[in-house]
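Here is a quick tour for anyone meeting this structure for the first time. Have a look at it, and then we'll go through a few spots together.

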Amino acid sequence: MFLINCPFCGERDQSEFSSGGEAHIVRPKQPTELSDDEWAEYLFMRKNIKGIQFERWNHAHGCRKWFNVVRDTSNDKILSVYKMGEKPPVNYK
Amino acid sequence: MPNYRIHKTEYIDETKRVSFKYDGKTYFGYEGDTLASALLANGIHLVGRSFKYHRPRGIVSCGAEEPNAICQIGSKKDLTEPNVRATELELYEGLEASSQNCWPNVKFDIGGINNFISPLIPAGFYYKTFMWPKSFWKKVYEPLIRLSAGLGKSPTEPDPDIYDHKYVHYDVLVIGGGVSGIIAAKMAAKNNLKTLLVDDKKILGGTTIYQNNESIKIDDKLSSEWLKNEIQEIKKLSKLTIKTRTSIAAYHGYNFLLAKENLTDHLPEEKKKNKIRQRLWKIRAKKVVIATGSIERPLVFNNNDRPGILLSNSINKYLDYYGVTCGENIILFTNNDSAYETSISLHKKGIKNIIVDLRKSANSELIKQAESLGIKIYFNHVVTNTFGYRKINSLEIMKLSEDGNTTVGNKIRLSCDCLGMSGGWTPMVHMHTQSGGKLDFRDEDQVFLPKENSEDQISVGSCNGDFDLENIIDKTVNKINKFLDIDNQDYQDTNIICSKENDKRNIWLLPNKIPLGKTKCFIDFQNDSTAKDIKLALKEGFRSIEHVKRYTTTGMATDQGKLSNMHALGIIADTAGVKMGTLGTTTFRPPFTPLTFGTLVGRNVGKFFEVVRKTSMHEWHVKNNAEFENVGQWKRPWYYPKNGENMHDAVQRESKAARDSAGILDASTLGKIDIQGSDASEFLNRVYTNAWSKLAIGKCRYGLMLNEDGMVYDDGVTTRISENHYLMTTTTGGAANVLSKLEDYLQTEWPELDVYLTSVTDHYSTASICGPNSKKILNKLFPNLDSSDENFPHMSFKEGKLENINCRIMRISFTGEQSYEINIESKYGHSLWKMCIEAGKEFNLTPYGTETMHLLRAEKGFIIVGQDTDGTMTPSDLQMDWIVSKKKFDFIGKRSLYRSDTVREDRKQLVGLLTDDPKEILEEGAQIVSDVKSKPIDMLGHVTSSYFSPNLNKSIALAVVRSGKTMKGQKLIIPMENKNINVTVSDTIFLDKENKRLNA
């Protein structure tokens, strides 16, 4: 059970949060100009990394804010949290 | 009655006699006893029959690892509990326990016949035997297997006990209150760290607390005396919380642990009443010290399972802690020094005993002590067989060959009434591995040890493979100082003297002259698996330990192989000729010991099982005989039966009344989201498929919301209250998800939009009045409101006052009738409803529930998201192309509407179905085909909604059918179990296509 450091509320139990999958997938600005394959890439394709992964989490039973998390999926350690719109920490890639 | 309690100890209060019943007979013990120690004091070893062969079995251990002494406690239908370990259950006045897995009784058990046919039931017997004939499985094999499967009896009535949960945070959690745990807890708490120490026993002290050997001393005191002093010390520490009778059940990631605290299991019946029985602690600890100790290993030889055969250290504990001897003529069979402690202790209490040691020789303080006391020791010997049916009465030993692979010389027969065995010690690495830690293998004494890999968790003491006291204390102190980054000097000058074990010899499966096939060398006592079974599994090709475990069921009983897993691994390694450390282990899964469901569930039972949401009109519905339907957490009136009506009749009456005169529905549960901000219109443009910018203030519009994949997600009517203020309604079940989804887009994709969302579902109550007379009722309620169609047309909104209380009235319709939804602050909802009913009396205003609502909307062909759609339907599939804006640049899901898959012509599409026989009502979910003769039958789709319409006087249905759009007028077939129903594809709108009624 993770302990997640919500950037707005501080450390809270995982049960207060919901996961929103991979982070930094930007919705295309002009979807109509994309081919089926390009749209499918945005719509369906997600990484599933063993190692350092960038994720979206929502403090659903708290402040309801979305934010980003850097997590090592091999040991579940959360390495960093940062707000939406902020750049991912440079020391992880 | 025999009495095996031979001396007084401080842990048994002989002034407090306790009577208890075992297998219907009354016995006595004392306060401080466990059920096991009390039984042994009464000379009872035989406590159960084994699972498969029904062999008589006795108490083996004194703790959580016990495989045999598991009992059924109590006989009440609601409170009886199976598989309780007698070795852990504290004795209380009036305790009723009985043995399990035997009939008619433990001494004479019919199932014992299995022992004699055991050659016929080897490992994998079930897999091999019950395969054929196939038809036998359901009627013969399964019922028979079920009859003999399982241990003990479950309660048949709900558990009346109270359970509790508690959340706590600590700097340091110490698991285990033995010598290393006590030292760790003291060091942490003295350094001002908030510390919790848990131990599963009644008192702290582990095995050291009853240690009384003169050769083991700390600061010139007996180790037990020294430890008692330490315990007194730590009890004074303000930063330390001590929880006894508390065991860690699970160790999850991020140092989140579950512990079970037993609060009343040791109390007599009358004192248990109205108290919390068990509390589940949910612990978050910054650092965890694991000091869970180790478990003594049995030895694997022929007939090693007879009653009277115990672990050597358990004999010691029964003697020195409980004052009970397990026999009067005891043999100890060992491969290590620890049995010598037991031997010396027994000797000092005057109990005759001898030692059989499979080592060639041994040399340590303990051994010298035993020799000097004149205790007979057979070095280089093994036990090859034991005798005695209900209890051991003698055994045979033989000399080991030089390489230890076989026995040599003559059998020596020794009589005894108890055998203690010690195959060394297994560190309890459960907690370490549950936390994600890996293991190392130490060849020297064949143990798996925790591999240190975390800064948040550490193992100390014998669970870390440190077995002598000097090693334990020194290493614990050093490791804890480092782990907690402190500099505690309390133990700097502690002087420890202890015997050092110098000689080791381990043989997993002891040699025997008898062929293995004819022996019963038990590995897993509870599941009756033997060395022979393990070898058979290997012979049949199983290699992985996980497979062998499942095939032979070794380690799969309620004790989870605490005594057996190491031997199984050892025998596999020996047989396969591989090094034991390379095999790995089976997975140590939580819980460590079985938990009751009650503990896990806590207070969330009965009416606290789930949140129930009720509208403010709920009481009226209850008074007026409504049947309720659960919609999410909401209770919604389903229908209101009158004068014994069944559901069908009630719904027909309600539906007719709504169209003939007036009906009223509690629509409070619909999701309501208040949307404000200067970009509110733009936001709606992006989330709905249709255009919103031009919606005039005071008007309402229906919207369809898609997922990014183009599939219909939700629908509802949104009202423009003012320039930058909208009120969105969603489906009842979708409200929370829609809000989350909208928030997601606002926060992550479109943060530049000035929009604020607030859920107001619970803030307003809604009464929806529909029907030809609805306007007349509205006029009675709001006499000052101009309700003319010019001023208040369909799809518009007005504000009104009901006795000075503001209301929002939307003229919108889900039934196809002229209809008004009156919204009021929730606290006035009940009054609003009653006023509506009163005003509607002269018009036969009929309250209707969700079922009638469904019927009325189906007559009109309105979809229900989640009933007529299932996450694979596009607007076009629903024949709702009209609602998808062609002009808008973008909206959620737009691009997906012309992916190659979504533009396929042969997608499943929503159609109406009319049965050839208008009285025939289709079953929702029924499959639709065009040809019943082809094989396999080509499934075209299924029925999504079906009703008998009283207003059309015929059966109507909605369905999704492949290429359905092009099939109007075509005949299709619904094959049912006993008949085929002929239907014709129709339009989805069955009533009032011209919307005359809406605007009437």
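## A histidine in a helix

In which helix of chain B is His621(B) found? The answer is H17, which covers residues 618–623 of chain B. Keep in mind that everything here comes from a predicted model.

His621(B) has a relative accessible area of 1%, so it counts as buried. Its side chain is joined to that of Tyr640(B) by a polar contact of 2.9 Å. Setting aside neighbours within four places in sequence, His621(B) is also in contact with Thr615(B), Ala626(B), Phe628(B), Pro637(B), Asp666(B) and Trp833(B), along with Tyr640(B) itself.

## Where the two chains meet

Now for the interface. On one side there are 27 residues of chain A, and they are in contact with 28 residues of chain B. Between them the two chains bury about 2,300 Å², and 47% of that is on carbon and sulfur atoms.

How many salt bridges cross the interface of chain A and chain B? The rule finds 5. One pairing to look up is Arg27(A) with Glu708(B), a salt bridge whose closest N and O atoms are 2.6 Å apart. On chain A's side, the elements giving two or more residues are helix H1 (36–44) and strand S6 (77–83). H1(A) supplies the largest share, 5 residues. Sorted by type, the residues on this side of chain A come to 14 nonpolar, 4 polar and 9 charged.

## A glutamine in a strand

Back in chain B, Gln72(B) sits in strand S5, which runs over residues 70–73. Is Gln72(B) buried or exposed? Its relative accessible area is 8%, under the 20% cut-off, so Gln72(B) is buried.

What does Gln72(B) touch, not counting residues up to four places away in sequence? The list is Thr80(B), Glu81(B), Pro82(B), Glu96(B), Ala97(B), Ser98(B), Gln100(B), Gly152(B) and Lys153(B). With Lys153(B) there is a polar detail as well: its backbone nitrogen lies 2.7 Å from a polar atom of the Gln72(B) side chain. Arg85(B) is 13 residues from Gln72(B) along the chain, and their C-alpha atoms are separated by 9.1 Å.

## An enclosed helix

Helix H19 (residues 680–687) of chain B has 7 of its 8 residues buried, so it is largely enclosed by the rest of the structure. The buried ones are Ala680(B), Ser681(B), Phe683(B), Leu684(B), Asn685(B), Arg686(B) and Val687(B).

What do the buried residues of H19(B) pack against? Their partners in chain B are the strands S35 (671–676), S36 (700–706), S37 (712–722), S38 (725–730) and S39 (756–759), plus helix H20 (735–749).

## Rings with rings

Last stop: aromatic residues. The count over all chains comes to 22 aromatic pairs. In one of them, the rings of Phe542(B) and Tyr551(B) have centres 4.2 Å apart and planes at 25°, so the pair is stacked. Phe542(B) counts as partly exposed, at 24% relative accessibility, while Tyr551(B) is buried, with a relative accessible area of 10%.

Which residues do ring pairs link into a cluster? Look for Tyr11(B), Tyr210(B), Tyr318(B), Tyr321(B) and Tyr322(B).

Technical notes. Residues are numbered from 1 along each chain as its sequence is written. Chains are lettered from A and ligands numbered from 1 in the order in which they are written. This is a predicted model: local features need pLDDT of at least 70, side-chain atom pairs count only at pLDDT 80 or more; totals for chains, interfaces and linings use all residues. Side-chain values use heavy atoms; hydrogens and water are left out. Contact means heavy atoms within 4.5 Å. Buried area is the accessible area (1.4 Å probe) that two parts lose on being put together, summed over both. A salt bridge is a side-chain nitrogen of Lys or Arg within 4 Å of a carboxyl oxygen of Asp or Glu. Helices (H or I, at least four residues) and strands (E, at least two) are DSSP runs, numbered from the N terminus. Ala, Val, Leu, Ile, Met, Phe, Trp, Tyr, Cys and Pro count as nonpolar, Asp, Glu, Lys and Arg as charged, and the others, Gly among them, as polar. Buried means under 20% relative accessible area, exposed over 50%, partly exposed in between (1.4 Å probe, protein chains only). A polar contact is a pair of N or O atoms within 3.5 Å; within protein, one must be able to donate a hydrogen and the other to accept it, and residues adjacent in sequence count only if both atoms are side-chain atoms. Rings of Phe, Tyr and Trp (its six-membered ring) pair if their centres lie within 6.5 Å; planes under 30 degrees apart count as stacked, over 60 as edge-to-face and the rest as tilted.
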